[in-house]
Amino acid sequence: MVAFVIHRGLVIASILSIGLVHARRLNTQRDTSSNSSNSTDCRCAPGDDCFPSTDTWAQLNSSISGRLVNVVSSAAFCNDVSGGCTDAQWSSSTFRANIPGAMNQPLWEQDYFSDPPSVCFRNSSTTEPPVNVTQSCGQGSGDVPLFAILAESASDIQAGVNFARDHNLRLAIKSSGHDYLGRSTARNSLLISTHKLQNISLVDNFTVGGVDQGPAVTIGSGVPLNSLYTALKAEGKIFVASSVATLAPAGGFVQGAGHSALSPSYGLAVDNVIEFTVVIASGDILTVNDAENSDLFWAMRGGGAGSWGVIISATFRVYPTFNAVYCDTNVTTSTPSIMGSVATVHARHIFDLDPLRAGQYFWVVPVDGTGSNSSLLAMQIQTIFPNNASVEAAEAALQPFIDDASNITDVQVETACEEQLINDMLFAADDSVGTNIILGSRLFPESLYETSPEAIGDMYVGLLENGTLGIFGNLVAGGKVAENANISMALNPAWRTAKTHVFLAHEWADSATIPDVIAIQHAFSSGYERAALVGLAGEDSGSYTNEGDRFEPNLQVTFYGSTENYEKLEQVKSAYDPEDLFLVTAGVGSERWDEAGFCRLA
C-alpha cells in the first residue's frame with residue numbers, strides 16, 4: 001500500500017488586495033473593467049460598479065466564520081511554495097483536492113482563449129512553458145475563481161448562494177475537481193467548495209414517502225470514493241461507483257449518470273440514488289426525492305452536473321458486499337490493421353461476459369511512439385466478475401476471446417486473474433492526475449456489437465492510422481442498466497440501449513503553443529474522430545456528459561437524449577433557477593450565455 005501525505009492549511013485565510021483584481025474577458029465579450037456592467041446581461045466582475053466592495057466581502061467572510069479564501073491556480077500555488085511542489089504532489093489528486101483553485105486536469109485552470117491568453121505554468125525542470133507567452137499567475141488570472149467558500153455546513157452554502165445571487169456574481173461549485181469538461185471552475189467567480197462535507201451515515205431502512213427503500217448510505221458531497229469504500233467495508237456493504245480514489249460520488253458523478261464495473265449487475269449510480277439534500281438558487285434547502293420536489297429529482301438524475309443547485313448530501317442504495325474476480329489481460333501486436341482484427345474479436349466475444357454480469361475496461365494505446373508511428377500497440381483489458389464469481393468461471397468466460405485473439409498472426413496475449421473483496425478491488429489510495437487531457441465520446445449500442453463487430457474493428461484501424469492517442473472502452477451498460485429503462489429520470493435514454501461507452505483522449509504538454517492547444521481542444525468535434533464514432537454508433541447514439549467533448553455541436557441531443565427531454569429539463573430549470581445562477585459548460589441553459597458563462601447572449 002502506498003502512503004500519501006495530505007497537506008492541510010494550503011489556503012490563504014485572509015482577504016487581500018481585493019480591489020486590485022481586474023477582469024479580463026474574451027475579446028468577443030464586453031470589457032468588465034469598464035464600470036458598465038450594472039446591466040443584468042452580464043455578471044458583475046472586478047472593476048464594475050456592481051462588484052462587491054472589500055467591506056461587503058469581509059462581511060460575508062465574517063458570516064461564515066472566516067471560511068472565505070483567495071483562490072489561485074495550482075501552478076501559482078506551487079510556484080509560491082518554498083522549493084515548489086514535487087512531481088508526486090503535482091500528480092496527486094489527494095494533494096490537489098486541498099487546493100481550492102486546483103482541478104485534476106490543470107488545463108481547466110488556464111484561459112487559452114482570451115486575447116491575450118491568461119495562463120500560468122508550474123516551475124518545473126521537466127516542463128517548459130510555450131515561448132513568447134507572458135504568464136499571469138496572480139489572483140484573478142486564468143480560468144480560476146476569485147474567492148472560495150470552504151463550506152463546512154449547509155448554512156455556509158446558503159450564504160454563498162445568497163451572496164452570489166444578490167450581487168449577480170458568477171458562481172462555481174466544486175466537490176473534488178474531477179471533471180473532464182472544466183465545469184467546477186470559472187473565471188471571476190465565487191466558488192463554493194463542498195470538499196469538507198465528509199459525513200457518512202448508514203441505515204438499514206431508508207424511507208421515502210412512507211416506502212421503505214432498504215439499506216442506504218447518506219454521504220456528504222465532499223466524501224471521496226476511497227473513504228466511502230473503506231467505511232462500507234466495515235459494515236459489510238458496497239455501492240455502485242468507479243475505482244477513482246478522490247471522485248466525490250454525491251457531486252457531478254451521479255448527476256451525469258455515474259457508471260461502474262458493477263453497473264451490469266446493479267445499474268448506474270443514478271439508478272441507485274434515493275434522495276438529495278440541495279441548496280437551490282433561492283437559498284432554500286430542499287429534500288429532493290420521488291415524494292418531495294419530484295420534478296427536480298427527475299432532473300438531477302441525468303440532467304448534468306452543476307445546473308440545479310449545491311448538493312449537501314445524497315443517499316444511495318447499498319448492497320451486501322461480496323468477493324469478485326479481477327482479470328488483467330494484455331494483448332500486443334505491431335500494426336493498426338492487426339489491432340483492428342483484435343478489436344473485432346473483442347467485439348464478437350463481449351456478450352460472453354453477460355451470464356456473469358461482468359464489467360470491463362479496455363483500451364488501445366501505442367506502447368512506443370504515437371499512433372501510426374508506434375511499432376507496438378497494446379489492448380489492455382481489466383474485467384471485474386462480481387457476486388462471488390469463481391476464478392474458474394471468470395477464466396472460462398474469457399477463454400474464447402483469448403483463444404481467438406491468440407490465433408491471429410503477430411498477436412501475443414497474457415492474462416491473470418485473482419479474487420478479492422470488491423471494496424478492496426475498487427479502492428484506490430490516490431489518482432495520478434496533473435496532465436492536460438480532454439475527451440470525446442459516444443455510447444455504443446448493444447445492437448452494434450450484435451450486427452457489426454467487423455465495423456468496430458475497422459473503426460480502430462482508422463483511428464489508429466489517423467494518429468489517435470488512445471481508444472478507451474467501458475463495458476458498463478447492458479444488464480441492469482437496460483432493465484432499469486422503466487425508471488423515469490432525465491438520463492439520456494441512449495444509456496438504456498448501450499453496451500459500452502467509448503471515448504478518445506487528447507493530451508498536450510505545457511510547452512505546446514497556444515494555437516496548438518486551441519486546435520487540440522477542437523480536434524474531436526471538428527475532425528475525423530467524432531465522424532468515426534458517430535458514423536458507427538449513429539448520430540443519436542449519445543455521449544456521457546461527464547466524459548464528453550464540451551464543443552459537441554448538438555448538446556441537447558448528444559448529452560440529454562432529445563430536444564423533448566431537454567425542453568423538460570429547461571422547464572425544471574426555470575422553476576428552480578430562473579436566472580441561471582447555476583451555469584456550466586454544456587449544461588442546461590448554457591446556450592443562452594457566452595462561452596465563459598458570464599454574459600447572456602442577445
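## Overall architecture

The chain of this predicted model contains 21 helices and 20 strands. Its C-alpha trace spans about 70 × 65 × 50 Å along the principal axes.

Of the 602 residues, 60% count as buried. When contacts with a sequence separation of 6 or more are considered, 74% of them join residues 24 or more positions apart.

## Surface and charge

The accessible surface of the chain amounts to about 21,900 Å². Carbon and sulfur atoms contribute 49% of that area.

The chain carries 30 positive and 64 negative charges. The mean position of the positive charges lies 7 Å from the mean position of the negative charges.

## Disulfide pattern

A disulfide is a covalent bond between the sulfur atoms of two cysteines. Five disulfides are found in a search of the whole structure. With the bonded cysteines numbered in sequence order, the pairing reads 1-10, 2-3, 4-5, 6-7, 8-9. Three of these links are described below, beginning with the link of Cys 42 and Cys 599.

## The link of Cys 42 and Cys 599

The sulfur atoms of Cys 42 and Cys 599 are 2.1 Å apart and form a disulfide. This link is right-handed, with 110° about the S-S bond.

Cys 44 and Cys 50 form a disulfide in which the sulfur atoms are 2.1 Å apart. The link of Cys 44 and Cys 50 is left-handed, with -120° about the S-S bond. Cys 44 has a relative accessible area of 3% and is buried. Cys 50 has a relative accessibility of 19%; because the value is under 20%, Cys 50 counts as buried.

Cys 78 and Cys 85 are likewise joined by a disulfide, with their sulfur atoms 2.1 Å apart. The torsion about their S-S bond is about -95°, so this disulfide is left-handed. Cys 78 counts as buried at 1% relative accessibility, and Cys 85 is buried with a relative accessible area of 7%.

## Glu 109 in a loop

Glu 109 lies in the loop between α4 (93-96) and β2 (147-150). Is this residue buried or exposed? With a relative accessibility of 3%, Glu 109 counts as buried.

Apart from residues up to four places away in sequence, Glu 109 touches Ser 73, Ser 74, Ala 75, Arg 96, Gly 101, Ala 102, Met 103, Gly 142, Asp 143 and Val 144. Ala 269 is 160 residues from Glu 109 along the chain, and the C-alpha atoms of the two residues are separated by 28 Å.

Ala 172 is placed in strand β3 (residues 170-174). At 3% relative accessibility, this alanine counts as buried. Which residues does Ala 172 contact beyond its neighbours within four places in sequence? They are Ser 184, Thr 185, Ala 186, Ser 189, Leu 190, Leu 191 and Ile 192. Ala 186 is 14 residues from Ala 172 in sequence, and their C-alpha atoms are 6.1 Å apart in space.

Thr 332 is part of strand β14 (residues 323-333). Its relative accessibility of 14% means that Thr 332 counts as buried. With residues up to four places away in sequence set aside, Thr 332 touches Leu 376, Leu 377, Ala 378, Asp 410, Val 411 and Gln 412.

Definitions and conventions
Residues numbered from 1 in each chain as written. Predicted model: local features only at pLDDT ≥ 70, side-chain atom pairs only at ≥ 80, totals over all residues. Heavy atoms only, no water. Helix = DSSP H or I, 4+ residues; strand = E, 2+ residues; numbered from the N terminus. Buried < 20%, exposed > 50% of the residue type's maximum accessible area, 1.4 Å probe, protein only. Contact = heavy atoms within 4.5 Å. Areas by Shrake-Rupley, 256 points an atom, 1.4 Å probe, with all protein chains shown as cover. Lys, Arg positive; Asp, Glu negative; His and termini not counted. Charge placed at Lys NZ, Arg CZ, Asp CG, Glu CD. Disulfide = S-S within 2.5 Å.
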